[in-house]
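Try each task before reading its solution.

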Amino acid sequence: MYCRMAPDYFDPEWHYEYGGIYGVTLPAEALDTIERNRTDREEIGKLAFCSQVKSKEKIAAIDEKLLMRRRK
């Protein structure tokens, strides 16, 4: 997906970003195992299922667009 993004914390100008979303079916306990073993902590601060954070945390605009596109 290629999106024109509004200015934000990381980029004060209108800009374009590429985004991708992948789906997989996992049991709930898999997230704990992934969190313990992942090596991408500098790039990805937190892992969570969308259903767990949707009403509690702000989701980046590009991620929200990708999720909306995925649901169609």
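One thing to keep in mind: this is a predicted model.

**Exercise 1.** Find out how many salt bridges the structure holds, and which side chains meet in them.

*Solution.* Start with the count: there are two salt bridges here. Next, look at Arg38, whose side chain meets that of Glu35 with 3.1 Å from N to O. Then turn to Asp40, which also forms a salt bridge with Arg38, with the closest N and O atoms 2.7 Å apart. The cut-off for a salt bridge is 4 Å, so both pairs qualify. Put together, Glu35, Arg38 and Asp40 are linked in a network of salt bridges.

**Exercise 2.** Sort Arg38, Glu35 and Asp40: buried, partly exposed or exposed?

*Solution.* You need the cut-offs first: buried is under 20% relative accessible area, exposed is over 50%, and partly exposed lies in between. Arg38 has 11% relative accessibility, so this residue is buried. Glu35 comes out at 28%, which means partly exposed. Asp40, at 29%, is partly exposed too.

**Exercise 3.** Work out which residues form a nonpolar patch on the surface, and where Tyr2 sits.

*Solution.* Go for the tyrosines: Tyr2, Tyr16 and Tyr18 make up the patch, and together they have about 440 Å² of accessible area.

Technical notes: Residues numbered from 1 in each chain as written. Predicted model: local features only at pLDDT ≥ 70, side-chain atom pairs only at ≥ 80, totals over all residues. Heavy atoms only, no water. Buried < 20%, exposed > 50% of the residue type's maximum accessible area, 1.4 Å probe, protein only. Patch = residues over 30% accessible without salt bridge, like charges linked within 9 Å, V, L, I, M, F, W, Y side chains within 5 Å. Areas by Shrake-Rupley, 256 points an atom, 1.4 Å probe, with all protein chains shown as cover. Helix = DSSP H or I, 4+ residues; strand = E, 2+ residues; numbered from the N terminus.
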